[in-house]
Amino acid sequence: MMPGCIALVIALLLSHASSFLNSVDEDGVPEDWVLLHMVQGHIGAGNYSYLRLNHDGRIILHMRSLQGDADLYVSDKTLRPSFDTYKLQSATCGQDVVVVPGDFSRPVGIAVYGHPSHQESEFEMRVFYDQTVPLDPFEKSSYMSENGHQHKKSPQVPQEGFQEEESVFWTILIGLLKIILEILF
């Protein structure tokens, strides 16, 4: 009985492992990521090349240094991030990956930096949209358009107006309770 259960568990684990391996392509990128852009370029030592990201949702920046060493710096506060001013970064010798969360305000500034250890760096960056992370339909200041993109909008009722409506409601409710108490006692 026990060897049969162990064989069943092993078979189950192997099936899960094979389904996981089949969901990833040869570059280690899951099949459910959507390729939005591919950018190729050259950058001189100590220089920056700037890009702007406007797409909503969770975005993955997947950059390879084909020659030299290019690094990534990302910010939602400035369109010209650097190694002094950034929110996210990847500065490896080879493949650089940065995941831009969906809650970053758009546009997002992206800087590709040519490391000074090489006269020139050549890079290839692929920009993916992770469709496995759904946009939050209950976010207070967002709505979905017909084409599935999330847009920000200002709330319909200002905060002071809401508090005023609430106090009018309580005033009427307390008045009714006083009348009922006077009738009963």
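**Entry 1: strands β4 and β5**

I looked up how β4 meets β5 and found that the two run antiparallel and are joined by three bridges. I took strands as DSSP runs of E with at least two residues, and helices as DSSP runs of H or I with at least four residues, both numbered from the N terminus. Two strands count as paired if DSSP finds at least two bridges between them. Within this pair, leucine 88 in β5 is the bridge partner of valine 74.

I note here that this is a predicted model, in which local features need pLDDT of at least 70 and side-chain atom pairs count only at pLDDT 80 or more, whereas totals for chains, interfaces and linings use all residues. Residues are numbered from 1 along each chain as its sequence is written, and side-chain values use heavy atoms, with hydrogens and water left out.

**Entry 2: the sheet around β4**

I then turned to the other partner of β4. Strand β4 (residues 70-75) pairs with β7 (residues 108-114) in the antiparallel sense over six bridges. In this pairing alanine 70 stands opposite glycine 114, and tyrosine 73 stands opposite alanine 111.

I placed these strands in an open sheet of four, with the order β2-β7-β4-β5 and antiparallel pairing. Because β2 (48-53) and β5 (88-90) each have a single partner strand, they stand at the edges, and one side of each has no neighbour in the sheet. Neighbouring strands here are turned by 15° against each other on average, direction ignored; the axes are lines fitted to C-alpha atoms, for helices over the stretch in contact, and angles run from 0 to 180 degrees between N-to-C directions.

I also asked how well β4 is covered: six of its six residues are buried. Buried means under 20% relative accessible area, exposed means over 50%, and partly exposed lies in between (1.4 Å probe, protein chains only). Ala70, Leu72 and Val74 lie on one side of β4, Asp71, Tyr73 and Ser75 on the other, and all are buried.

I found another open sheet of four strands, in the order β1-β8-β3-β6, with antiparallel pairing. Its edge strands are β1 (33-44) and β6, each pairing on one side only.

Arginine 64 has glutamate 124 in β8 as its bridge partner.

Which side-chain partner does glutamate 124 have in a polar contact? I found glutamine 40, with the two side chains joined at 2.9 Å. A polar contact is a pair of N or O atoms within 3.5 Å; within protein, one must be able to donate a hydrogen and the other to accept it, and residues adjacent in sequence count only if both atoms are side-chain atoms. Glutamate 124 counts as buried because its relative accessibility is 12%.

Serine 121 is also in strand β8 (residues 120-130). I recorded serine 121 as buried, since its relative accessible area is 1%. Its side chain reaches the backbone nitrogen of aspartate 69 at 2.9 Å. Beyond its neighbours within four places in sequence, serine 121 has contacts (heavy atoms within 4.5 Å) that include His42, Asp69, Ala70 and Gly114.

I next examined valine 98, which is in strand β6 (residues 95-100). Valine 98 counts as buried because its relative accessibility is 4%. Its C-alpha atom is separated by 8.1 Å from that of valine 74, 24 residues apart along the chain. Leaving aside neighbours within four places in sequence, valine 98 is in contact with residues including Leu61, Leu72 and Val74.

The largest nonpolar core has 17 residues, and those with the most contacts inside it are Leu61, Leu72, Val100 and Met125. β3 (59-67), β4, β6, β7 and β8 each supply at least two residues of this core. Such a core is a set of buried Ala, Val, Leu, Ile, Met, Phe, Trp, Tyr and Cys residues joined through side-chain atoms within 4.5 Å.

**Entry 3: the chain as a whole**

Finally, I counted two helices and ten strands in the chain. From the N terminus on, the elements run α-β-β-β-β-β-β-β-β-β-β-α. Of the 185 residues, 24% are buried. Residues 24 or more positions apart account for 73% of the contacts with a separation of 6 or more.
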